[in-house]
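Please look over the sequence and the model below.

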Amino acid sequence: METRELRGCSEDELIEICEKIGLKRFRASQLFQWVQQKAVRTWEEMKNIGASDRQAFSSRLSLYPLEKVREQRSKDGTRKYLFRLDDGETIECVLMDYARTRSRDRHTVCVSTQVGCAVGCAFCATGLEGFRRNLTVAEIVGQVIDITHEVRQEDPDFQVTNLVFMGMGEPLLNYDHLLQAIHLLNQSKGLNIGMRRMTISTCGVVPRIIQLAKDNPQVGLAVSLHAAQDDVRNELIPMNRRYPLSQLMEACQEYTEITHRRITFEVALTTENARPEEAEALARLLKGQFGHVNLIPVNPVAGTGMERPNPELMRKFAQVLEDAGMSVSSREERGTDIDAACGQLRRQWEGELK
Ligand code: SAH
Ligand code: SF4
C-alpha cells in the first residue's frame, strides 16, 4: 500500500485517512498536533494515541524526521544545521535569534526549498553544485519542526516566529510544495507562524511572482536584484536572460498593486559592483517601486572569485540611494564565522567525504 508523508499532510487529509481505516476523526487532530505543533519525531511519543491506532496510521503514513548531520553555532547565537534526508541528500537550514527589548523575541528560520539549484548564480555556493531535486512538502515543513524540536530540548517554550525562504534552492521553482508547506506552517493547530511573518526570496521568476501575489497576498517578497543593468545581471543571475529587468520590475509593480506589501530588494555588493554608477542605476531602476533596498556584503565562496568591498564603498553606495529618497538598510551580518551563506556548509561537508 502506498504511504504518504505524515509531515506533509493537512488535517483534512488526515481526517480522510482516519475515515478509510475506521478511526474517529478526532484522532486526526491529535496526530496533526503531535507532529506539527509539538514537533515530536516518533510515533511512540504520541502519548494519547493508543498503540493499535498508531499502528493503523503507520501503515498509511510514513514519518521521516530529518537527521542532523552537523550543527554550527556562531558567536552571535546563529545556529546552522546540516540535515540528511531519507535518500541521503543533505540540506542546510539556519536559525537566527534576535532578542527584542519591548516585544517578544524573534526567532527566524531560514528554510531550504530544493537540493541544489538550477539557476546557477555566479556568487552562490548552492548554484555551483547544480540542481538535484525539489524538496517535498514534508521536507520543507520538517526543517522548521526539527529545529523547533532541537531547541526545545534546552528551552521547552521555544517557538519559531518568522520564516525566510532564503536557504538552498529557488522557492518559486518548487512553487506547489512551497505553498502547501506555508499553509501547514501557518495552521493554528500547527506551528502557527503568521503569513505576514514569512518572506519568500526569489531571483526573479516573473510569472510566479504574479501568481504568488494572487494565490497568497499575505506573504512577503524579497527579490534578489544584485544589479540594475541587464548586461551585469545576466552575468550574475542567468535567469535574467529569460526574465530581464524590465519584466521583473513590471511584475514587482503588479505584486505591490495586489498585495500592498513593500518588496525587499536584495543587493549583494562585491568589489565589482559597489560603485556609485551602479548605485545611481539602481536608484533609477527602482524609482516608483514600493520597496526597500537591503545591502549585503557578498559572502566570498571559494571558486566564485567574488570579494567584499570595503565598508567605506558600501557606505557611499547606501548614501547615493538615500540621497535619491530610497529606504535602505545594510543587512546585519549574522553567522559569518560559521559560513552562514547557504550552500557553504554542505559543500564543505561533501568535500570532506570525497
Ligand atoms: N533562490 C532564492 C533564494 C535563496 S538564495 C534567491 O536567489 O533569492 C538567498 C539569498 O542569498 C539571495 O538573495 C541570494 O542572492 C543570496 N546569496 C547567495 N549567495 C550569496 C553570497 N555568496 N553572498 C551573499 N549573498 C548570497
Ligand atoms: Fe539559486 Fe538563489 Fe543561489 Fe541563485 S542565489 S543559485 S537562485 S539559490
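## Basis

This is a predicted model: local features need pLDDT of at least 70, side-chain atom pairs count only at pLDDT 80 or more, and totals for chains, interfaces and linings use all residues. Residues are numbered from 1 along each chain as its sequence is written, chains are lettered from A and ligands numbered from 1 in the order in which they are written, and side-chain values use heavy atoms, with hydrogens and water left out.

## Domains

The protein chain is assigned domain 1 (4–62) and domain 2 (67–353). These bounds come from an automatic or database domain assignment. The C-alpha centres of the two domains are 33 Å apart. Across the boundary, 16 residues of domain 1 are in contact with 16 residues of domain 2. Contact means heavy atoms within 4.5 Å.

## Helices H5 and H6

Helices here are DSSP runs (H or I, at least four residues), numbered from the N terminus. H5 covers residues 137–152 and H6 covers residues 175–186. Their axes come within 8 Å and cross at roughly 40°. Axes are lines fitted to C-alpha atoms over the stretch in contact, and angles run from 0 to 180 degrees between N-to-C directions. H5 and H6 are therefore oblique to each other. Angles under 35 degrees count as roughly parallel, over 145 as roughly antiparallel, 65 to 115 as roughly perpendicular and the rest as oblique.

H5 contributes Val137, Ile140, Val141 and Val144 to the contact; H6 contributes His177, Leu178, Gln180, Ala181, Leu184 and Leu185. Eight of these residues are nonpolar, two are polar and none is charged. Ala, Val, Leu, Ile, Met, Phe, Trp, Tyr, Cys and Pro count as nonpolar, Asp, Glu, Lys and Arg as charged, and the others, Gly among them, as polar.

## Helices H11 and H12

H11 (residues 276–285) packs on H12 (residues 311–323) at about 30°, with axes 9 Å apart. The pair is therefore roughly parallel.

## Ligand 2

The residues around ligand 2 (a heavy atom within 4 Å) include Cys117, Cys121, Cys124, Glu170 and Cys203. The shell holds six nonpolar, three polar and one charged residue.

Conventions. Helix = DSSP H or I, 4+ residues; strand = E, 2+ residues; numbered from the N terminus.
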